[in-house]
Amino acid sequence: MSISDMEYRVDVLLLISFISETITAIGIDYNWSTPVPLPSFFPSPTNFTYTEGDLARLECAINNLSTKKVIWRKGSDPNPLTIGKRTFVDDKRVIIEHTPLHRNWNLLIKQIQLDDEGMYECQVSSKARHLRHHVYLTVLPSETPIKHKPDDVPKTHNGSGLIYDIRISGEKYVEKGQKINLTCNATGEEHPPDDLDWFKNGDKLSSSITDQIAIQKRVSLTTRTIVSILQISNAGMNDAGVYICRTSDLQITSARVNVLNAHTYNVKRHEKDKNKATSAASGGSQLDNGARPNTAHSVSVVLTSAIFMFLNNVT
């Protein structure tokens, strides 16, 4: 073999090495199979307000649902309200609104009640925990008195022996960063109470832009009721506690709100997954999404072997 032939083979080997390293570095993927897109939520409202007795429609629109199921739950209750088009609660008011081949999977609640107020979750049946869409339902009291069964409404007594009605409704478990919504309804014996105040852990609350607190009040002479809606935006861990609602005629009730910090768990899990990915990469057998091997390295090895064989045949 002449010196020029040897130099030529050295140049080819250097070229092969360069191509191999380039392919490995950029991670060319030769898997030509078309991946199935994950479901995603189409933009839709996240807050709905209805009056007691109305038909409530909670919207949820999903792209690329494929064969997966849509699950509706209320708040942190693990038991589903609906799965697909089937209802799993003994409540004929709850149904699913869905048209075949359309992306809407709306939850309908007939004859909405004050106790229906709260956070609802529309979830896609998948291992991916992020495929969840949350909406908040606010129910305002009706101006027309609604007949209740004797045991439906809690009653309190004051010192004079008169019977009053006061209650707090709203989501008792809120994710950190979400909004706290509490509604207090108080009814007087002959006329609505003159005023209603909110307290948290004993301290009086008032509307504040700095603290992101908003309090709205409305009075109904027809139903002898005063309603106060407390909203705290961007809830923090310090917003957890006991919230007290008290009227000017000393009707009083309370509710505990828990703020959940799910971000801590997500961060730890993310770091754990990242460490696993780094370990797999250092071992020379990195997987894509836990299923496909890194084909770039294999392709570079095959390419190198093929060119070697070609050169040997030529010489």
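Q: Which residues is Tyr120 in contact with, leaving aside its neighbours within four places in sequence?
A: In this predicted model, contact is a matter of heavy atoms within 4.5 Å. By that criterion, Tyr120 meets Leu58, Trp72, Arg73, Lys74, Gly75, Leu81, Leu107, Ile109, His133, His134, Val135 and Leu137.

Q: Which residues of the largest nonpolar core touch the most other members?
A: A nonpolar core is built from buried residues joined through their side-chain atoms. Here the largest has 24 residues, and those touching the most other members are Leu58, Trp72, Leu107, Tyr120 and Leu137. At least two residues of this core come from each of β2, β3, β5, β8, β9, β10 and β11.

Q: How many aromatic pairs does a search of the whole structure find?
A: The search finds 0 such pairs. A ring may still have a charge over it, as with Phe42: the charged end of Arg103 sits over this ring, 3.8 Å from its centre.

Q: In what order do the 5 strands of the open sheet stand?
A: Strands of a sheet pair through backbone hydrogen bonds, in either a parallel or an antiparallel manner. In this sheet the order is β14-β21-β20-β16-β17, with mixed pairing. Neighbouring strands are turned against each other by 35° on average, direction ignored.

Q: Why is one side of β14 and of β17 left without a neighbour in the sheet?
A: Both strands stand at the edges and each has a single partner strand, so one side of each lacks a neighbour there. For β14, pairing with β21 is parallel and runs over 3 bridges. Tyr173 stands opposite Asn258 in β21.

Definitions and conventions: Residues numbered from 1 in each chain as written. Predicted model: local features only at pLDDT ≥ 70, side-chain atom pairs only at ≥ 80, totals over all residues. Heavy atoms only, no water. Core = buried A, V, L, I, M, F, W, Y, C linked by side-chain atoms within 4.5 Å. Buried < 20%, exposed > 50% of the residue type's maximum accessible area, 1.4 Å probe, protein only. Helix = DSSP H or I, 4+ residues; strand = E, 2+ residues; numbered from the N terminus. Phe/Tyr/Trp six-rings, centres within 6.5 Å; stacked < 30°, edge-to-face > 60°. Lys NZ or Arg CZ within 6 Å of the ring centre and 35° of its normal. Pairing = 2+ DSSP bridges. Axes fitted to C-alpha atoms, helices over the stretch in contact; angles between N-to-C directions.
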